[in-house]
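Hello,

Here is the structure I promised to pass on.

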Amino acid sequence: YLNTSHAFAYFKFDIEGSEWDLWDEILALPSHLQPTQVMFELHTEGAHWRVVPKENVKGKRQRQVDELFLRLLEAGYGILDIEININDHYCSEVSVIKVN
């Protein structure tokens, strides 16, 4: 997904379960190329199948969510907000910001 030589100050995405792969790419970038602030929707197994392809979220449960947030914290991100989607409780709007 990413091919950049400059960091994004702000990055927003809602890509129906593909955020898991995108975060792998973002966190593999050198720290100075990672976006400063990110807003994204996090989809997990059980998300509405008409919107989120099942294969995109297969095996993505609480443990995988916890692991992602630990990786974000280790990469220097702080959590600004987490809001559960009122129409699909298997999706949450998340906002993070680089704090170090």
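Is Val-52 buried or exposed? Its relative accessibility is 1%, so Val-52 counts as buried (buried means under 20% relative accessible area, exposed over 50%, partly exposed in between, with a 1.4 Å probe and protein chains only).

Before going further, a word on the source: this is a predicted model, in which local features need pLDDT of at least 70 and side-chain atom pairs count only at pLDDT 80 or more, while totals for chains, interfaces and linings use all residues. Residues are numbered from 1 along each chain as its sequence is written, and side-chain values use heavy atoms, with hydrogens and water left out.

**Overall fold**

The protein has three helices and four strands (DSSP runs numbered from the N terminus: helices are H or I with at least four residues, strands are E with at least two). Along the sequence they come in the order β-α-β-α-α-β-β. The radius of gyration is 13 Å, close to the 13 Å that the globule rule gives for 100 residues, so the protein is as compact as a globular protein of that length (the radius is taken over C-alpha atoms, and the rule is 2.2 Å times the number of residues to the power 0.38). The C-alpha trace spans about 35 × 25 × 20 Å along its principal axes. Of the 100 residues, 39% count as buried. Among contacts between residues at least 6 apart in sequence, 61% join residues at least 24 apart (contact means heavy atoms within 4.5 Å).

**The loops**

Val-52 sits in the loop between β2 (37-43) and α2 (54-57). Leaving out residues up to four places away in sequence, Val-52 touches Glu-16, Gly-17, His-43, Ala-47 and Val-57. Its C-alpha is 9.7 Å from that of Cys-91, which is 39 residues away in sequence.

Gly-46 is in the loop between β2 and α2 too, but at 46% relative accessibility Gly-46 counts as partly exposed. Setting aside neighbours within four places in sequence, Gly-46 is in contact with Asp-88 and Tyr-90.

Glu-16, one of the residues that Val-52 touches, belongs to the loop between β1 (10-13) and α1. Please check its backbone: phi of Glu-16 is near 50°, a positive value in a residue other than glycine. Most residues other than glycine have a negative phi. Glu-16 is partly exposed, at 22% relative accessibility.

**The pockets**

The largest pocket has a volume of about 240 Å³. (On a 1 Å grid over the protein atoms alone, a pocket is an open set of points where a 1.4 Å probe fits, with protein on both sides within 12 Å along at least five of seven lines; lining residues have an atom within 4 Å of a point. Points are joined across faces, edges and corners, and the volume is the space filled by probe spheres set on them.) Of its 13 lining residues, the closest to the centre are Leu-42, Thr-44, Gln-62, Val-65 and Ser-92. At least two lining residues come from each of α3 (62-74), β3 (77-84) and β4 (91-98). The lining divides into eight nonpolar, four polar and one charged (Ala, Val, Leu, Ile, Met, Phe, Trp, Tyr, Cys and Pro are nonpolar, Asp, Glu, Lys and Arg charged, and the others, Gly among them, polar).

The second largest pocket has a volume of about 180 Å³. Its lining includes Gly-17, Trp-20, Asp-21, Lys-60 and Arg-71, and α3 gives the largest share, four residues.

Best wishes
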